[in-house]
Amino acid sequence: MRRRLDRTAGRATTAVAATAALALALAACGGGTKDEGGGGGTGGSTAPTVQLPSLKGQKLQVTAVWTGPERENFVKVLDEFEKRTGATVDFVPSGDDMAGFIGSKIAGGGPPDIAMLQQVGVLNEFAQKGWLKPLGASAKAQLTKNYAKGWRDLGAHKGTPYGVYFKASNKSLVWYNARAFDNAGAKEPKTWPDFVKAAEIIAESGVEPVSVGGADGWTLTDWFENIYLSQAGPEKYDQLAQHKIKWTDPTVKQALNTLGQLFGRKDLLAGGNSGALQTDFPASVTQTFSGGDTPKAAMVSSADFAAATIAQTKAKVGTDAKVFPFPAVGARSPVVTGGDVAVALKDTKAAQALLTFLASTDAAKIWAQAGGFISPNKELDRAAYADGVMREIAGALVAAGDGFRFDMSDQAPASFGGKPGQGEWKDLQDFLKNPKDIAGTQAQLEKDAAASLGR
């Protein structure tokens with residue numbers, strides 16, 4: 001959900017075609033259409049598509065950042081693996097600092113069997129250190145069958161496949177409270193100026209417009225990356241991701257200026273700047289879809305996985321909670337993706353079996369039916385998704401093939417792009433606190449990025 005390097009960023013990205021934006025626009029209409037596979041989340045055949053070995057008596061430990069409904073839904077996947085193999089799987093939450101968590105476990109001689117990493121940079125760092133075990137034949141076969149090359153490449157290091165991208169996310173979405181929009185007379189914005197105008201209209205209606213989960217620094221990197229990709233374009237995005245241009249580049253200044261049009265308006269932020277800095281990601285979503293006619297906010301920029309948090313409120317996705325593509329700052333709306341990649345830290349039969357299962361459509365279907373999830377698995381029947389909105393968002397991701405830009409902070413070394421209280425997370429929190437200090441923010445970002453690369 002959140003935040004890489006021998007910087008092999010060439011494999012990490014490309015812009016989604018217009019068809020993806022169209023599919024997202026259809027999703028925004030609320031509910032979507034039925035697919036080739038039928039509708040309603042039944043997912044078609046229940047017959048297993050992958051054979052797993054008997055693992056009776058064997059124990060596995062799996063770690064991920066997921067908590068709340070995300071954890072509950074992932075445990076459903078692990079339960080099915082236990083049922084099919086006889087293994088016992090223990091889930092251990094890592095906290096947001098996955099790299100630190102795994103590092104401490106490695107140092108202590110007791111790493112988990114499987115880790116779900118959020119960062120390409122962390123995968124590369126771990127592989128470089130020799131901590132990861134390559135995918136076995138069965139897992140590679142499932143990967144080749146079910147995944148586009150772009151996703152396979154993201155899970156590899158120097159040509160060796162290590163990871164399975166089990167869960168993906170489209171991070172270029174804005175979820176909104178339909179009642180708050182209707183009451184204010186606001187319309188879905190297609191451009192950044194329209195977005196700011198819609199926020200002003202909603203503010204005039206008495207509802208604070210934009211919810212920002214600034215207590216979790218990764219949410220702020222998503223704001224920046226969407227603006228930067230749309231405004232500066234894919235080529236500059238890749239150059240900045242690879243640190244081939246510096247964070248003091250004029251394109252970064254331009255993007256921060258644009259972001260400052262929102263962050264510099266405390267009247268447009270739920271709770272103002274100080275409130276945003278004290279709001280974590282789950283609260284940024286729930287406060288947007290609670291409170292009836294007087295919610296604490298009208299919209300929140302978040303990936304598709306916000307649907308799982310919305311489900312904890314009384315709002316219904318597609319009716320009360322609708323979604324539109326992140327507004328175009330430049331020529332087109334951006335599409336930034338993220339994902340969680342499963343890697344093995346122990347070379348065991350059980351670990352390889354779980355990676356094989358996670359690369360299959362069988363595992364993906366379980367969470368797709370539960371909701372709040374999209375998979376890059378191109379063979380997953382879209383009828384498995386719980387609602388039309390998620391079917392359309394997932395369809396856009398798969399239709400993009402190799403054409404996507406992966407989250408920039410997730411391509412950085414963890415010390416810059418993936419740790420609470422430091423690097424990009426902290427620098428953008430400081431920017432949210434003082435949006436006028438663009439030059440200072442750029443200088444600090446460049447200092448921290450260079451330090452993370454040892455330059």
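Two strands are said to pair if DSSP finds at least two bridges between them. I begin there because the first part of this talk concerns strands and the partners they take. Please keep in mind throughout that the structure before you is a predicted model.

By that criterion, strand S7, residues 173–177, pairs with S9: three bridges join the two strands, and they run antiparallel. Within this pair, Trp175 stands opposite Val300 of S9. Both strands belong to an open sheet of four strands, whose order is S8-S9-S7-S10 and whose pairing is mixed. The edges of that sheet are formed by strand S8, residues 210–211, and strand S10, residues 321–325, each of which pairs on one side only.

I turn next to strand S3, residues 114–117. S3 pairs with strand S1, residues 59–64, in the parallel sense, over two bridges. Here Val62 is found opposite Ile114 of S3. S3 also pairs with S11, this time in the antiparallel sense and over four bridges. Met116 has Ala342 as its bridge partner in S11. As for the side chains, Ile114 and Met116 point one way from S3, while Ala115 and Leu117 point the other way, and all are buried.

Let us move to helix H10, residues 234–241. Which residues of this helix are buried? They are Tyr237, Asp238, Leu240 and Ala241. Viewed down the axis of H10, these buried residues fall within an arc of 165 degrees, so they line one face of the helix. Against what do the buried residues of H10 pack? Their partners are helix H9 (217–232), helix H11 (250–263), strand S11 (336–344) and S12.

Directly after H10 comes His243, with a positive phi near 60 degrees. His243 is a residue other than glycine, and it sits in the loop between H10 and H11. For context, most residues other than glycine have a negative phi. Is His243 buried or exposed? Its relative accessible area is 11%, and the cut-off for buried is under 20%, so His243 counts as buried.

Lys158 also has a positive phi, of about 50 degrees, although it is not a glycine. Lys158 lies in the loop between strand S4, residues 156–157, and strand S5, residues 160–161. With a relative accessible area of 59%, Lys158 is exposed.

Another loop residue deserves mention. Asp410 is located between strand S12, residues 405–406, and helix H18, residues 414–417. Asp410 is buried, with a relative accessible area of 1%. In sequence, Asp410 and Thr337 are 73 residues apart; in space, their C-alpha atoms are 9.9 Å apart.

Finally, I come to the largest cavity, which holds about 80 Å³ of space. Its lining consists of 14 residues, and those nearest the centre are Trp218, Thr219, Phe281, Ser301 and Ser302. Which element supplies the largest share of that lining? The answer is H9, with four residues. H9, helix H13 (281–286) and strand S9 (299–301) each provide at least two lining residues.

Technical notes: Residues numbered from 1 in each chain as written. Predicted model: local features only at pLDDT ≥ 70, side-chain atom pairs only at ≥ 80, totals over all residues. Heavy atoms only, no water. Buried < 20%, exposed > 50% of the residue type's maximum accessible area, 1.4 Å probe, protein only. Arc of directions from axis to C-beta. Contact = heavy atoms within 4.5 Å. 1 Å grid on protein atoms, 1.4 Å probe; cavity = no way out; pocket = protein on both sides within 12 Å on 5 of 7 lines; lining within 4 Å. Points joined across faces, edges and corners; volume = space filled by probe spheres on them.
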